[in-house]
Every structure is written in C-alpha cells, then in structure tokens.
Amino acid sequence: TPPASVTPLPVPPPAATPQADEPDALDAASLSQVTADFLRNSPVLGLQGRPVQRTSDVTQFMDPDAVAVATLAADLARLGVPEAHRTGLRDALQQLALQIEAGRPEWYRIRVAVEGSMAHADLARRLVPVLLPWFDRAA
C-alpha cells in the first residue's frame, strides 16, 4: 500500500482502434501531400546535394585501377612512407599506373611496386588488392 501522501498518477484510457467501417483520416493523396510538405520543410531531409568539385579529383587516367595506383603514388606521405623512400616508390607507382591505363602492365613493374610497398603496411594494404586482378594478366 502506498503512503497516504502519494497520489497515484491517472492512467490514460486505451487508444481507440479504428473500426473497419470508419473512413481513413487521410486518403492517399492527402498523405502524399503531407509527406512531401514534411520532406520539403524539414531542415535536414529537405537538403539538396550538389556535386563536389575539387581540383584534386582531376586525373589523366580513366581506368579505376590506374586511378587508384596514381592516387596512392600521390598519397605516400599520408600513408606513412618516409621521405627517403617516396621518390623511387612514387615513380614506380606512376609508371605502373600508366601501364595499367594502357591495359598492359609488365610483370616487372607490378613486382617492383609490390616489393616497394611491402615495407609500408598502410600502402601495401591498399595497393595489393588493386593489383591482384592484374597478376594473371601480366604473368
């Protein structure tokens, strides 16, 4: 039993369930209009996206694998490659990107790029999956 000073909270009545013969509160057209108004007036859901334009997105390559390899060549510092190793590795990756773009990567170029990347885990983790499909083509 509750103490005398505590007043129980009122219990709301159960929600009424619509009967089968009652008309819908909103027909399909009204519901569609309410939804469109909500989406248009919502500060978040009404946002319209615009294409991102960056000068860094410009590349000479069309092949996605060549783009990936060239991007890795440009991002060596971010990937933790020491300054002393960047020049040779960047050249090897750029030459490989050119050959991939042409559809004829040489096994030698793939091997040099993979060997150079294996000393740098972040680079190797990104480069090797890109090159796997090219192994059979170049071998």
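Accessible areas come from the Shrake-Rupley method with a 1.4 Å probe, and for residues only the protein chains shown count as cover.

**Figure 1. The surface of the chain.** The model is predicted: local features need pLDDT of at least 70, side-chain atom pairs count only at pLDDT 80 or more, and totals for chains, interfaces and linings use all residues. Residues are numbered from 1 along each chain as its sequence is written, and side-chain values use heavy atoms, with hydrogens and water left out. The accessible surface comes to about 10600 Å². Carbon and sulfur atoms hold 58% of that surface. Of the 139 residues, 22% are buried (under 20% relative accessible area; exposed is over 50%, partly exposed in between; 1.4 Å probe, protein chains only).

**Figure 2. The helices.** The chain has 5 helices and 0 strands (DSSP runs, numbered from the N terminus: helices are H or I, at least four residues; strands are E, at least two). Along the sequence the pattern reads α-α-α-α-α. Take the contacts (heavy atoms within 4.5 Å) between residues at least 6 apart in sequence: 59% join residues at least 24 apart.

**Figure 3. The aromatic pair.** The count is 1 aromatic pair (Phe, Tyr and Trp rings, the six-membered one for Trp, with centres within 6.5 Å; planes under 30 degrees apart are stacked, over 60 edge-to-face, the rest tilted). The ring centres of Trp 107 and Phe 135 lie 5.8 Å apart and the planes meet at 75°, so the pair is edge-to-face. Trp 107 sits in helix H4 (residues 107-117) and Phe 135 in helix H5 (residues 121-138), so the pair ties together parts 28 residues apart in sequence. Trp 107 is partly exposed, at 40% relative accessible area. Phe 135 is also partly exposed, at 24%.
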